[in-house]
Every structure is written in structure tokens, then in C-alpha cells.
Amino acid sequence: MAEKSDVWQGTLALMVLKTLDTLGPLHGYGIARRIEQTSGDLLEVRYGTLYPALLKLEQEGFIAAEWGISDNNRRAKYYTLTRAGKKQLAKEAREWDQIAAIIARFLSPSEEAS
Amino acid sequence: MTALRAFLFRLIGLFHKQRWDRELTEELENHLQMQIAANIRSGMTPAEARRAALLKSGGVELAKEEYRDRRGLPLLETAVRDLRHATRILRRSPASTGAAVGSLALGIAAITVIFSVQKGILLAPLPYPEPDRLVAVWQRPPDESGRQPLTSPDYFDYRERSRSFEELGVQALRPVNLSGEGTPERVPGSLCSASLLRAVGVPPAMGRLFTDREEAQKERVILLSHGLWQRRFGGDPNIVGRRIGVNGEDHTVVGVMPAGYQSPRLFKAETSAEVWTPAAHTRADSERASHWLAAIGRLKRGVSLQAADQDVREIAAALAKQYPRSSSQVSAWAQPLKALMVRDVRKPLWFLLGAVVALLAISCANVASIQFARSNGRHGEVAIRASLGAGRAQVARQFLTENLLLAGMGGVAGGALAIWGVALLRGMLPATIERASAIRIDGWVLLFTAGITMAAGLLSGLAPALSTARLDINSALRQGQGTLTAGRSRIRFQRALVVAQFALALVIANGAALMMKSYLNVVGTPAGFDADRTSVASIILDGPAYRGNAAAQAAFWNRLLERVRALPGVKQAGATTKLPLEGGTNGSYLVEAEQYDPSARRPLIERSWVTPEYFEAMGIGLLAGQLFAPGSATEKRAEIVVNRAFAREYFSGGTALGKRIYPNSAERVWVGVIVGVVEDVPQWSLEVPPVPEVYQLAESTARAGRHLIIRAAIPPLTLSRGVREAVASIDRNQAVSDMRTMEAVFDGSAARRRFNTVLMEIFAMLGLAMVIVGIYGVVSCWVAQRTREVGIRMALGAGRGHIVKMVVGRGTAMSALGILLGAAGSLALSSVVKSMLYGVSPTSPVTIVGVAFLLLLVALLGSALPALRAARVDPVRTLRAG
């Protein structure tokens, strides 16, 4: 259980960073919505995973938080990608590509035969 | 970097809990509302929308919990919570908390005080540059141990021939008279070579050191201590170059040493010098028998002590060949300066450290025992916590936290006590203890105290914590609180603690008793003189008029003694060149038929030059013959008085009267005739038995330093002024030392032993007090657990006396085992203790049995109170309550 959530946490952080990179400043609900939509509703983001992850990113200085007014005129906390966050995103994306490529090579039998 | 940033963030998170909680709630609520709004937009009814949103959230409260864990530092928060709980628990039973903290505080204070002494005296380096390179060089008879100073010509030979030393110098501590402006004053001084100052290597604070050239040309130059400069010369900024009167002659001040500088002290009774003057040394071979210069060398870099030792030994062997008459019986050796300076305090300090370690162990055992008893009453609490999900580690952590809190309080109280203790101890310290000024509580000592405190807390908390964590929840819950059977093994553990405490306490108390017995033996040693109503003032007659002039000195002394005898209250007054108990002056003689033989080693015989009235003034009894007649000494013939030890050594049984002694030289330049035998007076200290001594008439010597001995019918120190006036009326340039009673001289000789003994007694008392607390606690605990049993016994007809006997018997049995173990331990340690004792065997059965009885008494005392409480048990009530 602990292991699974770790992997999940790691990838969730990457998804959050990417979301903020693509859409700009966004509140928690927006981030969750975007991740769920992008995953084709295969993923479900619970509060208990999202908010600690946001806090961790904030503590590490990759995102910044600020109170603002949402579309429906409510006070909401908006998260923005910082410069360190941009770098981190690039780094993690690169690493992720690498892992994905390695795994893909393992899983494609045709290449092994040739 | 990222991790550090996150840590700081979380640390800040600890302090903004409430606001952040509010914000989180708001944020999560927003999220929920947006989700609901979205759900409604997709066609749900508001109720459905809300339900779906809540479902999807995965639990708002759970999310908050996880968020909080991430925000603060959960470990720290738990520690704070444990600490709060611990404080509550400790406050619930202030008596046992007080006993535990008190025990620890005393144990920690004792070890801190002794450690600060250890550190200041033994561990800290000597206050000189590169002190490890400093060694003392001594002469000694071949194949014997001994520390004989060098002779002046030997010093030059060693210095020139040795290859091991960067610099080698010599010193002899001699008081000097400061005259000139103000009252004449006698201050401790050092006659030293310029090379000695360079060897020691401390530069002056002002001016310069004196030079070899000044020394060789006998120039009158002087260095002052910082203290003397401030005190006598008012801190005169132009002191360098000023001329001051020293021993009746003008000397030029060339420099002032730094504040706090102390010249190395190589002999026991020396005090640190306040002035340094060059010694005009001679290379004359006639001086090769006159050993008076203590040598200190600075080793060349990379030269070992062994190499230096070998070096000086070879030089001594060469000198022995070259000067067979004077030096054939002289070897040499080198000793590290530090080992020399701490030689007398090292052993007692380790001894005391051993005692305080034992004391600390006893106090830890007390804490462990008290915590154990406390945990007994908390089975219910622990069981409930465990059944609510607290893990064993959590329970153990809670107990350890309690112990660390106890230890922390004990450590703070102990540290405060130690600061007071060190101040007290410095006041008690004998003046001659080396480096006393280095004893203080500093950062290192406090660090040590903190370490000891932590260790004590963990150690005393480990066993209770582990055993409570292992508690069987089911049975504890079922049985509620007090149980008949619970903790059979816990009682065993507590009993083991009591046994250990008694064993340790016996070892300390036995050591203290032996030290006390030794001290009483020492001060009970017959001094051979009458210390009551006798006092002493020391005078060094100095100045050109007296130097080397025995007749001028005799004239001064005769006038002085006459005037002092005329003072009201004075019964007798005399003079001597050396005082009992403060070390000696010695030489060798040929007795009767003995023939001069340069290769034979003659035993050293003490010698004093005294006036005839000295013996009466000092109260030394005449055993046979008579005292010398004034004016009887000529250059060729002297009347001699010897002590009992001399008579026994050389004329065992027969009479010494009329026998002759001669100087130990080829020519019999004079002859001494023994006219009287007097009682022995210990020369070196109360602990060194008297050795043979020869007394000669004072008028036959030109020794400048003498002691005026006054026997009076009134309190001796009231004469101080009269004596000063008498001296001033004869020669107003002469300084008189402060007057001391001979009682003070006597006490001074036992001062170190008294100091060590007093500390040991204090530690033993503390040990006994802690042991009483310990056994009281354990027996009380035992009684509390057996209230029902006691009730049943009483219901079945057991009398109160029977119950008291049972409980007291129980306590005494525990302690008896400890006492036996302690006795065995004391015997095993006897070889260590032996060297600390005087006139009592370390295995003295009387002492050990006495101490064992004392401890049994302690056990009775400690178990009597709980026993009486047990006897007051009301059988009806306890049985009903059960």
C-alpha cells in the first residue's frame, strides 16, 4: 500500500506540474478535473492524495499558492508553477520518457526477435 | 536544498496550526462546492450532486488528517505530546518525583564537581606553549628513585652536553624582601636562569625577559608578576625600567609577566612566584655536592621522553667518571612536567571519581526503582492505551520520555548544585594543590553533565519502559489495577536494584571509613612539638650587611629574640632555620668511626640550625644530656643535639652522649660532639616517619632565612604587631611574614588528606541517604502490593508485631545480600585503596563490619516506616475492597 501510493504520488506531482504548465494558475478542483479528464476518467483524484501532494510541492518550492476569486465568485486558493517548478517539470518529464521508453522496449517482442 | 526548504516550511507549520487549518477547511469546502455545481450542471438534483461529490472526495476528514501530517513535523509533535503527558504523570505523585529528581540531582552534581576538578587539574594541558615538550630533569642515586635537584655546575654541563633539549633551565623558589617605598614585604620569588624562562616559553605582558648576559654579569634585574605589579606598584604603566628595592638592593624591573601566569611548581609546598630574578650560578666544582636547582627542559621537536631520559643518564655517567668525589653516586632522569605537577592529586582524584560514579549508579537505581513502582500503578492506563491502538514502541517511548524529563530536571538541578559545589570546593582546596585556578564549570563540563544526564535518564528508564511495554494487556485489563500476582518479575528487578545499591553504598562507605580512620591516624601522629600557643613568623635577613655574615645575623637575632621575649605574654622565643612538617634540609655526616669514602652512599641526615631556646619555645622534649650553651660553637668544634631517631639509628641501645660526628669529606674540618638527645619531630610530613636529625647552634651558620618561634600565654596571633615593631626597631628594611600558629602548620600538613576525606565522607553520606530512599521505596511498593495478603494474614490471626517483622525482615534480607556483595567488592578493591591509606589495612575487618552494621541500620530504618504502615492495615476493609 505504501509503495503504490509512493509511485502514485510521484506521478501525481508530475501531472500537477504539467497541468499548471499548460493551463496557468489553477485551483485544486480545476487541477483534479483536468487530471481526471486527461486520463479519460480512468483516474480518480481524492482530496487525501491531492492536497498533501500540493502542499509538498509548495514546501519544495515548485509551486506557489495564492488566494484569489474563482469564476463563480468564491474565494479560492490558486496554484502557480514557479521557475524551479518549470525546471523540475522538464527534468521529471525527461526521466519519465526514459523509463517509458525502457519499459516499452521490454514489452515489445518484435524488437527482441530482430 | 529542496529538502531543507521543505523542513523549514514544516517547522513554521508547527506554529500556524489554527490559521492553516481554517484555510484548509475553506479550500476543501470550495472544492466540494465546485464539484457539486459541476454535478448539478450535468443534470443531477442538488441532493444527488452533493452525495456524489462527497463520495468522490474520499473523505474530507481523512484528507485533513493526511494534510496535517504532511504540514507539520509529526515526530516532534508526538514528542511534545509525550512530554505533556509525562509532566502530568510526574506531577500526579510529587513525592516520588521529588525523590527521583533529588537523587539524580545529587548524583549528577557530585560527578560534575569531581569531573570539573579532574578536567581542571588532570585533563587540561599545562598553561604553557606546547606543554607536552616540557620535562623536569632530576638527579638521583643510582638504582634508587628520587627527585634531587641539580647542582649549579651540573646544570651547565647538562645544558651544554645534552642533545635532546631546545632549552634547559633551572629555578629555585626563594622568598624575597621587597623594601624601598612602603612597608617591607616578603613575597614568594623564583631564582631562575634566563634559560628557564625561555624553556617555559611564556612571553612577558610588558617589557622583556632577562638575558643570559645579564645573568652572567650578575646584573640586578627583576620580572614582576601581574598581581604584584597591580597590588604593590598600583599598575604603574612606566614600571619597566623602574628601580625597586629587593633584598636591600636596587633592582631594575625589566618586565611584567601576564596576568594569571604561574611558574611551574615542582615541590609540594611551593607557592607560585611573584618575582623572578636571575640566579648567579657558578661552575665551581666545589659546588658539585650542593643540590638546589630544579631543572626544566623543553624537548626538541620530535625527541621522545625516553631519548631525553637516556641522554641525561649518559651525561650523569660521564660526570660520575669525571668527578668521582662528588658525582660518583649521582644518576639522572627526565620526567614529564605535567605528570610531576599532578603526581599527588592524580590518585585521589581517580579514587573520588570512582566514588561519584558509584554514587550516580545508586541514584540511577533509585530512579529506576521509583519509575518501576510508578508503572505498577499504571497497568490499567497502559492496557487501555494499548487496546486503543498504541504500539509497544509508543508505550515504551512514553516511559522513556518520562525518564528523560526526570533526568532533565535532575540534570538542571544537579548542574546548579554543581556550580555551588565547585565554588564551595575551591574555597576548601588546600593552597598547595596545583592548578586549582583551572577548576571551573565551563562548556565542556556542562556538555559532560548533559551527556551524563541523558545516559542516566535512558539507563534508569530502559528497564521499566521495556517491561511495561511487554505487559500482557488482557490480564492487566481483567485484573484492574492492584493485583496480587502482577509483577513477580518486577519485584525481582527492584530487589536486584536494592542489592546493587547496597553493594555500591557499602563500597563507598567502607572507602570513606578507611579514609577517615587514616586521617585520624595522621592527625593523631605525635608531632613531637607543642602546637598550642606556639606561633611562627619567618624573616629573611637580606641586604649587603648580612649576606654571608654569620656574626651580623647572630647579632640581629639576639636583639630580636630579646625584644620579643620582653613582649607581654611571651614565655619563650627561639629561632630555627627550618620548620617541622614543611620539608627538610639535609646532608651527610660521618658518625664516630665511619671513614670518608666517595664511592659509598651515605644516608641523608636532616639538619637544623637553632638557638638554644628553640626547643623550649617549640615544646620539644629533651630526652638525655643537655642543650647547647650559647657561644659554644667555634670553627673547629660544635656542640650537637640529635633526635631520638638518630640515637636509635647509630647507637641503638647505647648512649649517644659524647659521641662525635664529622663532615662527610676527606678532611675533618670540624668535629661535632653530641651533648643532647631530643624527641623526634616529623620533618617531611605527618605521614613520613621522623628520620635522623642533627641540630647545630644557629650562630654557626649564615643562612639568611629563619623562623622566629614564639611560645606565649596569650592567643599567639595577637603578638603579630609587637613582632613587626620589634623587627622594625632593629632594621626597618626587613620584612616579616604573616604570623602562623604551629597548629596551622600542623593542619597544613594534613590539609590534602582532610580535603579528600571530607569529600569522601560527603559522598558516603549522600550514598546512604539515597539508599534509604531506595529501600523505603521498594519496601513500600512491596507492602502496597501485598495489602490484601497482609489483610488475610491479620484476619487469620497474625499480630501487628508479626507483620512488622515480616516486612522489615524482607527489607533487611534484600540489603544483607547487597552488603555481602559490597564487602566482597571492597576486598577486591583493596589493592587500589591501599595507597590512599595511612596506618589502617584496606581489609580491616573492624571497619568493614562496622560499615556493614551501619548499612543494616539503614535498611532497618528504610523498611521500618512501610512496615509500620503495613501493620496499620485494617483487615476488614482490605478484604472487602478485594
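This is a predicted model: local features need pLDDT of at least 70, side-chain atom pairs count only at pLDDT 80 or more; totals for chains, interfaces and linings use all residues.

Modeller: Take strand β10 of chain B, residues 275–278. B:Val275 and B:Thr277 point one way from the strand. B:Trp276 and B:Pro278 point the other way. All four of these residues are buried.

Now the neighbours. Strand β5 of chain B, residues 189–192, pairs with β10(B) in the parallel sense, over four bridges. There, B:Gly189 has B:Val275 as its bridge partner. Strand β7 of chain B, residues 221–224, pairs with β10(B) too, but in the antiparallel sense and over two bridges. In that pairing, B:Leu223 stands opposite B:Trp276.

Next, the whole chain. Chain B holds 30 helices and 24 strands. Its radius of gyration is 38 Å, well over the 29 Å that the globule rule gives for 882 residues, so chain B is more spread out than a compact globule. The C-alpha trace of chain B spans about 135 × 80 × 55 Å along its principal axes. Buried residues make up 42% of the chain. Among contacts in chain B between residues at least 6 apart in sequence, 83% join residues at least 24 apart.

Last, the contact with chain A. It takes 17 residues from chain A and 24 residues from chain B. On the chain A side, α2 (28–38), α3 (47–59) and β3 (75–81) each supply at least two residues. The largest share, seven residues, comes from α3(A). By class, that side has six nonpolar, five polar and six charged residues.

Technical notes: Residues are numbered from 1 along each chain as its sequence is written. Chains are lettered from A and ligands numbered from 1 in the order in which they are written. A residue is buried if 20 or more other C-beta atoms lie within 10 Å of its own, exposed if 12 or fewer, and partly exposed in between; C-beta atoms are placed from the backbone. Two strands pair if DSSP finds at least two bridges between them. Two residues are in contact if their C-beta atoms, placed from the backbone, lie within 7 Å. Ala, Val, Leu, Ile, Met, Phe, Trp, Tyr, Cys and Pro count as nonpolar, Asp, Glu, Lys and Arg as charged, and the others, Gly among them, as polar. The radius of gyration is taken over C-alpha atoms; the globule rule is 2.2 Å times the number of residues to the power 0.38.
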